[in-house]
Amino acid sequence: AANHNLEVLDLRNNQLDPECAALLAAALRKNTSLRALDVRWNAMEQTGGQSFLTALQTNKTLMTLKLQGNSISNDLLTAIEHCVKHNSGMLRMQSEYEARKELLANHAKAVNNQRTLELRQFAERTQRQIGEMDMEMKEIQRLLGTKQKEVEELENKLSETKRVLEISRREVLTLQDELKLKDENQAAILRDYNLQLETVNKALVANKSAMCLLEEKLEEERKLREDGERERRRDREKIRQLEEEIERRKEELQTSITEHVAAVEEERKQSQQRLALVVEEWSGRLEQKAAEQARAEQVYRERLRAVEAALESAERSRAEQSSQWNMERAKWAEEKANIWA
C-alpha cells in the first residue's frame, strides 16, 4: 500500500481466499497509483467480491479489475465492472482535468508573469508619475507660497486702497460742498448775467430803433439825390435840345444869309439880336439851373455828412456797447472758469 509507483499487479492463479481479497481491498482503499489488477482464477468467492466492491467505493484510480474464475455472482461482477468503468471515466476526466489544470496553470503562470511584468512596468510608471507628481506638488507648493505672498501683498494694497478711498471719499464730500457753494455763486452770477443781458437787449432795441430812423433818413436822402439826378438829367436834356435848336437855327440863318445876304441884312441883325436875347435868356436860365444844382448838391452833401456823422456816432456807440459786452462776457467766462477750477 506504501508503493506509489506500482500501476499494474497480476495475481492470477494464486489460490487467494476471501481473507486475501479483504486484505487486497483494504490496500486498494489507500492506494492511488495502481491502475490494473488481475486476480482471475482464485478462490475469493462472493465475500472477496463484496470486499472489492466496498473498496472501489473509496478507490477512484483503479481502471481495470479482473475477477473471473472466483465464484462471484454475475450481479456482483456487473456492479464491480460498473464501479471500475466509473473509475476509468473519472480517471480520464481527472487526467483531462489535470492536463487542463496544467495547461491552465501554465497559462496562468504566463499570464501571471505577464501581469507581473505589466504590474512592474505599471509600478515603475506609477513611481515615475509619483516622482513627477511630487515634483509638481513641490512646484505647486512653491507657487502657492508665492501666491500667498502675492495675496498678502494684495491684501496690504487693498488696505492701503481702502485708506486712500476713505481719504478720497472725504475729499469728495469736501468737493461736493465746494461745488454746492460754487453752484450757488454761479446761480447768482447767472442772475446778474441775465439782468445785464436784459439791459443789453434793451439797449440793442433802442439802437435798433435809432438805426431804423437813420435808415429812413438815408432813404429820404437817397430819394432826394435821385430827384436831383433826375432834375440834372432833365436840365442836360434841355440844354442839349437848346444847343441842337441853336445849331439848327444857325444853319437856317446861315442858309438864309447865304441866299438872301443883301435882302435880309436887317432881318439878320434883328435875328442876331433875338438870338442874343435868347442866348442870354437861356444862359441866365442855365446859370440859374447850375446855381440851383450847386445849392442842391451842397444841401445833399451837408445832409450826407450829417447822416455819415450820425452813422459814425451810432457805430461808435455800438462798438462801445459791443466792447463793454465782450468785456463783461470775458469777465463772466473767467469767473465761471475760476468757479469750475
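1. A residue is called buried under 20% relative accessible area, exposed over 50%, and partly exposed in between, using a 1.4 Å probe and protein chains only. By this scale Arg-12, at 38% relative accessibility, is partly exposed. Asp-38, with a relative accessible area of 8%, is buried.

2. A word on the basis. This is a predicted model, in which local features need pLDDT of at least 70 and side-chain atom pairs count only at pLDDT 80 or more, while totals for chains, interfaces and linings use all residues. Residues are numbered from 1 along each chain as its sequence is written, and side-chain values use heavy atoms, with hydrogens and water left out.

3. Start with the strands. Helices (H or I, at least four residues) and strands (E, at least two) are DSSP runs, numbered from the N terminus. Here 3 strands form an open sheet in the order β1-β2-β3, with parallel pairing. Two strands pair if DSSP finds at least two bridges between them. β1 and β3 (64-66) are the edge strands, and each pairs on one side only. β2 and β3 run parallel and share 3 bridges. Leu-37 has Leu-65 in β3 as its bridge partner.

4. Now the charges. Side chains of opposite charge can pair when their charged atoms come close. A salt bridge is a side-chain nitrogen of Lys or Arg within 4 Å of a carboxyl oxygen of Asp or Glu. The model has 6 salt bridges by this rule. One of them joins Asp-38 to Arg-12, with the closest N and O atoms 3.3 Å apart. Asp-38 sits in strand β2 (residues 36-38) and Arg-12 in the loop between β1 (8-10) and α1 (18-30), so the pair ties together parts that are 26 residues apart in sequence.

5. Asp-38 has another partner. Its side chain also meets that of Arg-40 in a salt bridge, at 2.9 Å from N to O. Asp-10, Arg-12, Asp-38 and Arg-40 are linked in a network of salt bridges.

6. Look next at helix α3. Glu-139 and Arg-142 form a salt bridge there, at 2.1 Å from N to O. Both lie in α3 (residues 74-259), 3 residues apart, about one turn of the helix. Glu-139 is partly exposed, at 35% relative accessible area. Arg-142 is partly exposed too, at 48%.

7. Where do the nonpolar residues gather? In soluble globular proteins, nonpolar side chains tend to be buried together. A nonpolar core is a set of buried Ala, Val, Leu, Ile, Met, Phe, Trp, Tyr and Cys residues joined through side-chain atoms within 4.5 Å. The largest one has 21 residues, and Leu-37, Phe-52, Leu-65, Leu-67 and Ile-80 have the most contacts inside it. α1, α2 (45-56) and α3 each supply at least two residues of this core.

8. Take Leu-67 as an example. Contact means heavy atoms within 4.5 Å. Not counting residues up to four places away in sequence, Leu-67 touches Val-39, Arg-40, Met-44, Phe-52, Ile-72, Leu-77 and Ile-80.

9. Is Asn-59 buried or exposed? At 2% relative accessibility, Asn-59 is buried. This residue lies in the loop between α2 and β3. The Asn-59 side chain reaches the backbone nitrogen of Thr-61 at 2.9 Å. Leaving out residues up to four places away in sequence, Asn-59 touches Leu-28, Asn-31 and Asn-87.

How values were computed:
Polar contact = N/O pair within 3.5 Å; in protein donor to acceptor, adjacent residues only side chain to side chain.
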